[in-house]
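Hi there,

Here is the structure I promised to pass on. Have a look, and then read on for what turned up in it.

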Amino acid sequence: MTPTFNPFSLASHRILVTGSSSGLGKTIALTCARMGAEIICTGRDAQRLAQTLSELKAISPHAHQAIQADLTKASERDELVALVGAGGTINGVVHSAGISRLSPVRMMTEQHLREVQSINVDAPMLLTQALLRRNLVAADGSMVFIASIAAHIGVPGVAAYSGTKAALLAMVRCLAMEVIKRRIRANCLSPALVETPLLEATATMIGSLEQERGNYPLGFGKPEDVANAVVFLLSNASRWITGTTLVMDGGLTIS
């Protein structure tokens with residue numbers, strides 16, 4: 001019997017997922033594992049990272065790894081890259097680690113700006129640089145950066161966050177041109193409000209979530225919605241897509 005063809009399969013793929021100790025990153029890691037990938041998960045919280053690894057091992061017998069690292073620290077980035085390289089090349093990387101800090105521009109501090117920038121832009125780009133310098137991203141590989149709808153629309157109180165996500169969009173377009181010679185793809189995902197623990201924090205800024213939900217024709221997203229889009233961008237199904245951004249907002253920006 002001929003095996004069923006599945007262009008979305010991640011079988012034989014080795015994928016690095018940052019920020020995978022919780023939230024979107026964890027869901028992305030688990031979903032990719034269910035699609036057949038071997039996962040290297042990384043995050044700052046050792047206990048939560050261990051829980052993610054335990055769940056990955058329950059999904060498949062692959063040699064999943066958990067590597068604790070603070071990606072804003074050069075020494076820990078270098079150690080992560082060395083450990084990743086010890087197992088060979090990777091077929092994909094998902095930059096999911098990030099933070100959102102609320103502050104109107106008139107109250108913004110330099111520390112606020114630097115913290116958001118270092119985690120949301122500097123860390124993923126410098127990690128990408130380190131992986132590429134060691135040729136650890138295999139030919140025909142894929143790099144996915146989790147941006148935000150905030151990079152496309154104006155939202156009061158999140159100027160620093162929005163700016164970092166917009167920076168990712170611009171930088172990834174350039175990155176895509178630099179790695180295309182090896183047929184490595186680089187793309188962004190820009191999700192709007194997704195039902196994660198961060199949604200409650202967002203409620204403190206925008207007020208009633210039910211009122212905000214009314215702006216979304218398809219409702220708020222689920223972590224699985226974003227994870228499924230990541231699978232698409234990592235898989236061979238997206239082999240002709242690079243240097244672009246997929247907006248996932250339940251119809252928010254067209255309503």
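Does His13 count as buried or exposed? With a relative accessibility of 13%, His13 counts as buried (under 20% relative accessible area; exposed is over 50% and partly exposed in between, with a 1.4 Å probe and protein chains only). Before going further: this is a predicted model, where local features need pLDDT of at least 70, side-chain atom pairs count only at pLDDT 80 or more, and totals for chains, interfaces and linings use all residues. Residues are numbered from 1 along each chain as its sequence is written, and side-chain values use heavy atoms, with hydrogens and water left out.

His13 sits in the segment before strand 1 (14-18); strands are DSSP runs of E, at least two residues, and helices runs of H or I, at least four, numbered from the N terminus. Apart from neighbours within four places in sequence, His13 contacts Ala37, Glu38, Asn91 and Leu234 (heavy atoms within 4.5 Å).

Now the aromatic rings: there are two pairs in the structure (Phe, Tyr or six-membered Trp rings with centres within 6.5 Å; planes under 30 degrees apart are stacked, over 60 edge-to-face, the rest tilted). Phe8 and Phe232 have ring centres 6.2 Å apart and planes at 45°, so this pair is tilted. Phe8 belongs to the segment before strand 1 and Phe232 to helix 8 (residues 223-234), so the pair ties together parts 224 residues apart in sequence. For Tyr216 and Phe220, the centres are 5.0 Å apart and the planes at 85°, so that pair is edge-to-face. Tyr216 and Phe220 are both buried.

Best wishes
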